[in-house]
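Open your viewer and get ready to select residues by number. We will walk through the model stop by stop, and each stop says what to pick and what is there.

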Amino acid sequence: QNQKTKEQIESLLQNGKHKELRDRLCCRLTFGTAGLRSAMGAGFCYINDLTVIQSTQGIYKYLERCFSDFKQRGFVVGYDTRGQVTSNCSSKKLAKLTAAVLLAKDVPVYFFSTYVPTPFVPYAVQQLKAVAGVMITASHNRKEDNGYKVYWENGAQITSPHDKEIIKCIEECVEPWNGSWNENLVDTSPLRQDPLKKICDCYMEDLQRICYHRELNMQTNLKFVHTSFHGVGHDYVQLAFKAFGFQPPIPVPEQKDPDPDFSTVKCPNPEEGESVLELSLRLAEKENARVVVATDPDADRLAVAEQQNGCWKVFTGNELAALFGWWMFSCWKENCSEDADVKNVYMLATTVSSKILRAIALKEGFHFEETLPGFKWIGSRVKDLLDNGKEVLFAFEESIGFMCGTSVLDKDGVSAAVVIAEMATYLESKNLTLAQKLIEIYETYGYHISKTSYFLCYDPPTIKRIFEKLRNFDAPQSYPKFCGIYNILHVRDITTGYDSSQPNKKSILPVSKSSQMITFTFQNGCVATLRTSGTEPKIKYYAEMCALPEQSDRSILEEELQKLIEALIENFLEPDKNGLIWRSA
């Protein structure tokens, strides 16, 4: 019933664009590391009114089967500020259609009356004891994209087998039901409630559990600049700073309000570093603010930059994790009861992230665990640990996703922003910067120097060929033993479930057949992973040198890492031969 997307298909048909029609209509969206995500537009593998209705009908069918009290407990729906005129598609409209499907089936829906950060949806699912929730967002993806992120009753993103079962249910009911197109139901149904005020108030109150230095925060002269990257973050970060006793951070005026075109940045991903942080860094210089915090458009991730001697250091996700890990453990140690047991304490990271938390855990005596890439795995594991009486302080993924505390079982840029502000404030009272503290952490626990980047590849068969070659390198079913001059000790292939370091050669982490991922452990202490992105047409590489505390010559470690990465790219990815597009600097 969307005229714009209908016209797109009709126009392709009239112009004889049969290949594009096949691409759009002959495959269906599947759940990746962050739910369903694709470009907005016409077709069954795109995000549009119809695919959102179909997905919600499938979810309704599955939840009805799983929960006898579904119609008492209800469902949460949130959305960001994305939109596209050419397909008459906006996050809010797609959220209204999501709610309509459920309201028409007499399911109570908690529908936020305005845009919210993604973490508010999992938080609301737990607070309101709903059976599940959906957030309409494509996070930091390009402006053409949108997505559909599903949370289970435990407040974590769905993992298998739920995702597979939901896809089956979607395929069983693709015809829209009566009432599914009625986006106005949200405004008229007595079963719709607006949870905004309650959830926002509760969230800000819960946030104060991880505030340890309110007095310092109230007195500090440190100034902070915040950019919300044309997304949802501004109001909520302001409230979070207030909850911690801070003066409000200075907003970047051109990026403070929602803008679905993200008109001041070449891509709305704060992870891209200084090039996309330009406006906030210039404002910070003008305002004499030392620290910049940047939330991505749906405010679930955080970038941080600090001014030092007239230039800026933009921290990587792994460097920020070292700071957060040190901070959350120090605060726990200072504030825990006398009978608290450090062996009951946990921190987590995804397997492609830095091993710095493992080093801190070994020295301090708490537990560290790894999961598959994607916060959905972290959220589910954290819930299991909490249910078993464990205390989880912090979890992260290297792509600037951080979970401080356990109020939200997903990455959360709002809480991370205010925690980093408190950390900077505390360190300033000790005459230290964040960058200086980071060096202290590395000198205590060992340097962990990492580099992450990617190549773009729009041809799935090429990606498959690259990974199949690694599985059949010198002979059929044999992985490489060297990468250039570097000796490989172990290989772990998550796609097939192989791990040469295990006695039975089977990977401990669960197999993930739908994506490509191979990890190499080198004799020189480097660990490198090649994997496909779950949300974009990218081949990503991650490499890290993990040194012991006594190996403190950073420049030698950096040089060794750089040479190894060059060998990895040249021997394993072969960008020229495979037509890969280098990430633009």
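**Stop one: rings together**

Select Phe-120, Tyr-123, Tyr-203 and Tyr-236: these four form one aromatic cluster. Rings of Phe, Tyr and Trp (its six-membered ring) count as a pair if their centres lie within 6.5 Å; planes under 30 degrees apart are stacked, over 60 edge-to-face, and the rest tilted. By this rule the count comes to 25 aromatic pairs. For one of them, select Phe-394 and Phe-396: their ring centres are 6.0 Å apart and their planes at 5°, so this pair is stacked.

A word on what you are viewing: this is a predicted model, where local features need pLDDT of at least 70 and side-chain atom pairs count only at pLDDT 80 or more, while totals for chains, interfaces and linings use all residues. Residues are numbered from 1 along each chain as its sequence is written, and side-chain values use heavy atoms, with hydrogens and water left out.

**Stop two: the core**

Are Phe-394 and Phe-396 buried or exposed? Both are buried, where buried means under 20% relative accessible area, exposed over 50%, and partly exposed in between (1.4 Å probe, protein chains only). A nonpolar core is a set of buried Ala, Val, Leu, Ile, Met, Phe, Trp, Tyr and Cys residues joined through side-chain atoms within 4.5 Å. The largest one here has 134 residues, and Phe-324, Phe-394, Phe-402, Leu-434 and Phe-522 touch the most other members. Now show what surrounds Phe-394: leaving aside neighbours within four places in sequence, its contacts (heavy atoms within 4.5 Å) include Phe-324, Met-328, Tyr-346 and Phe-402. A second, separate core of 39 residues includes Leu-29, Tyr-60, Val-77 and Val-150.

**Stop three: two crossing helices**

Helices (H or I, at least four residues) and strands (E, at least two) are DSSP runs, numbered from the N terminus. Select helix H13 (residues 317-335) and helix H17 (residues 434-445): their axes come within 10 Å and cross at roughly 80°. Axes are lines fitted to C-alpha atoms, for helices over the stretch in contact, and angles run from 0 to 180 degrees between N-to-C directions. H13 and H17 are therefore roughly perpendicular to each other (65 to 115 degrees; under 35 is roughly parallel, over 145 roughly antiparallel, the rest oblique). The residues making the contact include Leu-323 and Trp-326 of H13, and Leu-438 and Ile-441 of H17.

Asn-318 is buried, with a relative accessible area of 6%. Beyond its neighbours within four places in sequence, Asn-318 contacts Ser-353, Ser-354, Ile-356, Phe-396, Glu-398 and Ser-450. Next, select helix H14 (residues 356-364), where Ile-356, Leu-357, Ala-359, Ile-360 and Ala-361 are buried. What covers these buried residues includes H13, H17 and strand E16 (391-397). Just after H14, Gly-365 takes a positive phi of about 95°.

**Stop five: around H18**

Where does Lys-469 sit? Lys-469 is in helix H18 (residues 460-471), and its C-alpha is 30 Å from that of Asn-318. Lys-469 is partly exposed, at 33% relative accessible area, and touches Glu-574 and Lys-577, not counting residues up to four places away in sequence. Finish at Ser-478, in the loop between H18 and strand E19 (482-483). Ser-478 counts as buried at 15% relative accessibility.
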